[in-house]
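Here is a short walk through a single protein chain. Please look at the sequence and the model first, and then follow the text from one residue to the next.

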Amino acid sequence: MVPAMNATGRRHFLKQLGISASALPFLVGLPSLGLASPARPRQRLIVMFTPNGTIPPSFWPEETGTDFTLKEILTPLETFKSRILILNGLANKVRGDGDNHMRGMSCLLTGIELFPGNIQGGSDTPAGWASGISIDQELKNFFQSREETRTRFGSLEFGVGVTDRADPWTRMSYGGPNKPIAPISDPYQMYQKLYGQMKDKENLKSVLSEVQDDLRKVRKLISAEDKRLLDEHESLVRQMEKEITEAGRQKLRASPPSLAEGIKDQNDNVPKLSRMQIDLLINSFVNDMARVATLQYTKSVGQAQMKWLGITDNHHSLSHEPDKDDTAQGKLVKINQWFCGELRYLVEKLANTPEPSDSGSLLDHTLIVWTNELGKGNNHTLHNIPFLLVGGGFGFQMGRSLKFEDVAHNRFHLALAHAVGHRLETFGKPALCQGGPLSLA
């Protein structure tokens, strides 16, 4: 029996045998040929965003290593302390056009400059959209390129209290240069996307039927060699038809969650909207609809009013108050602790949901990255940006608080890519990747 080989080895092996690459899907399941890729445990990524910086003294632990104490903002995660990895000292070093809120938001996951544009912020230079893909979409494309990790959607972008306005302050996910991806902020719209598109299968069946009929007509007009090629195409058509039939028979592992009716997408409903979106996110993972998700709370420069916390000040305006304003600082701590409480709800749901067809829980196979566009709101710094990781599946050593010395956050994105087997040499701006992937194992 031939030992299992990597993608390059498989291509070389097929070439030696004189077999086309199109035959690979039919051969990889034959153990005697050794073409199967080594099985990798299921891996998922959730990026959770909250805006306007944090309150450093109430967020960052004093200690480093495994023996650390969670500060006030992070106390909701005390139960999951052993599953946490806190990364202090990461910086968004992307410069260029736009203000720090704009670059903080749209360069957060892309790690590359904004295009020149006509959107004027708080700096001298207006800017446009990011000039590269975001790491969530990079990993989504990697997962979708492999049969064993391909899912229906690849990625899902959830929003909570995100307005319909579209600009660099409101978008963190990018499908490529100048390709911002809007989060879906209405849970009913997300529900429709996940569970209300059954007609697509019927449309695809119709298209395949027409193609198959056309291929039969063409068969009478072509050479023997072309007929051989046509046989290959027809086999692919039959395979697609089989997959559609099987998909129609397959039941969801978990039924869609029941959503309360009539919850409008508006500020005062953010707590309810948050839980609805998290429930949908968990259900989509159980049903393996995606391996990557983002969960975006409001937006950079977001002016949400946390009235459910007894706070009527606008969040962004409050974040501009000086450190000596104890009342404002207390409100900001309360706001960020509430965000952490929503993270805890997500973590608890993942921890209490068994991993389908495997051991452990969803949390064991899911890494959550909680981050922000700024390190601190009132000075708009892009240094010491909060990056807090919870969960498993990526091989990082959890239960630690780490302190780095002003490391470009591009290196963290490289670490995420390498953890899923995507061996990128650079991500975003190449000059900010010196030193390679951040070592977190």
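Is Cys107 buried or exposed? The model is a predicted one, and in it Cys107 has a relative accessible area of 0%. Buried means under 20% relative accessible area, so Cys107 is buried. Cys340 is likewise given 0% relative accessibility and therefore counts as buried. As for bonds between cysteines, the structure holds 0 disulfides.

Now consider the chain as a whole. It has 441 residues, and 51% of them count as buried. Its secondary structure consists of 11 helices and 7 strands. The chain exposes about 20200 Å², with carbon and sulfur atoms supplying 51% of that area. Contacts between residues at least 6 apart in sequence can also be sorted by separation: 69% of them join residues at least 24 apart.

Tyr195 has a relative accessibility of 13%, and because the cut-off for buried is under 20%, Tyr195 counts as buried. Which residues is Tyr195 in contact with, leaving aside its neighbours within four places in sequence? They are Leu252, Pro256, Pro257, Leu280, Asn283, Ser284, Asn287 and Met289.

Next comes Arg253, which lies in the loop between α7 (224-249) and α8 (270-286). Its relative accessibility is 42%. Residues between the buried limit of 20% and the exposed limit of 50% are partly exposed, so Arg253 counts as partly exposed. Apart from neighbours within four places in sequence, Arg253 is in contact with Val286, Asn287, Asp288, Pro356 and Ser357. Asn287 is also among the contacts of Tyr195.

To go back over the residues visited: Cys107 is buried, and Cys340 is buried.

Notes
Residues numbered from 1 in each chain as written. Predicted model: local features only at pLDDT ≥ 70, side-chain atom pairs only at ≥ 80, totals over all residues. Heavy atoms only, no water. Helix = DSSP H or I, 4+ residues; strand = E, 2+ residues; numbered from the N terminus. Buried < 20%, exposed > 50% of the residue type's maximum accessible area, 1.4 Å probe, protein only. Contact = heavy atoms within 4.5 Å. Areas by Shrake-Rupley, 256 points an atom, 1.4 Å probe, with all protein chains shown as cover. Disulfide = S-S within 2.5 Å.
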